[in-house]
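Dear colleague,

I am handing over the structure below, and after it you will find my notes on a few side chains. Please read them with the model open beside you.

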Amino acid sequence: MNEHPINLFLVPTPIGNLKDITIRAIEVLKSADVILAEDTRTSGSLLKHLEISRPLQSYHIFNEHKTVQRLVDRMKAGEVFALISDAGTPAISDPGFLLVREVLAAGLDVQCLPGPTALIPALINSGLPNDRFVFEGFLPHKKGRKTRIDNLVEEVRTMVFYESPHRLMKTLEQLSVAFGPERQACVSRELTKLHEENARGTLAELIEYYQTNPLKGEIVLTVAGRNPKA
């Protein structure tokens, strides 16, 4: 058993419904010396709702390389930090990996709390096989995008992607060309929120559906793998 004090906690926050925060997450946030937040305005609203008043510091993709060593030094001096993202579990398609790696390299301890993440509910809601799956996160916006998709053509496991509303149609069309229009998929958006939607069908059917239905909110795209018998 590890009896060393924890220097860095990774604390998942709700992806939509604020009731999804855990009791333990609240306790850790209340006890941390400093809370590192991707967007202090977004996180500030959540902390206010939870009645948590702790020092809040910005930590995001644009400043993580500049600040990571200073944060490690402060942890060495005894400060305890809690890292949160705008929604979900930190370091999953969000900043966090670099900090975790450097904290561990410095001989300090890290602990990630279990909690909300969009990819698992979307995968289960899709109705596609979930005994084996691969998480691809966000596809590259431009350079390397086609190469990444081409590398997945032979993938037999269910694939899970994060996508933005204004790129979803492009992604569906590109996957339809690469995998075939009859490949089964599911678009999950606004998970845990009032207007949650899970649109299921072939890639061709989803393209047709979203030509007439508005797209907004956070999106998870789940796509069936190649049938090995085909």
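In this predicted model, E136 has a relative accessible area of 19%, and because buried means under 20%, E136 counts as buried. The residue is found in strand β6, which covers residues 133-138, and its side chain is joined to that of R148 by a polar contact of 3.2 Å. Leaving aside residues up to four places away in sequence, E136 touches R148, L152, V160 and F161.

The second topic is the aromatic rings, of which the structure holds three pairs. In one of them, F135 and Y162 have their ring centres 5.0 Å apart and their planes at 70°, so the pair is edge-to-face. Since F135 lies in strand β6 and Y162 in strand β7 (residues 158-163), this pair ties together parts that are 27 residues apart in sequence. As for accessibility, F135 counts as partly exposed at 28%, whereas Y162, at 11%, counts as buried.

Y162 also forms an aromatic pair with F138, again edge-to-face, with 5.7 Å from centre to centre and 65° between the planes. Here too strands β6 and β7 are involved, F138 lying in the former and Y162 in the latter, so the pair ties together parts that are 24 residues apart in sequence. F138 is partly exposed, its relative accessible area being 36%. Taken together, ring pairs link F135, F138 and Y162 into a cluster.

How values were computed: Residues numbered from 1 in each chain as written. Predicted model: local features only at pLDDT ≥ 70, side-chain atom pairs only at ≥ 80, totals over all residues. Heavy atoms only, no water. Helix = DSSP H or I, 4+ residues; strand = E, 2+ residues; numbered from the N terminus. Buried < 20%, exposed > 50% of the residue type's maximum accessible area, 1.4 Å probe, protein only. Polar contact = N/O pair within 3.5 Å; in protein donor to acceptor, adjacent residues only side chain to side chain. Contact = heavy atoms within 4.5 Å. Phe/Tyr/Trp six-rings, centres within 6.5 Å; stacked < 30°, edge-to-face > 60°.
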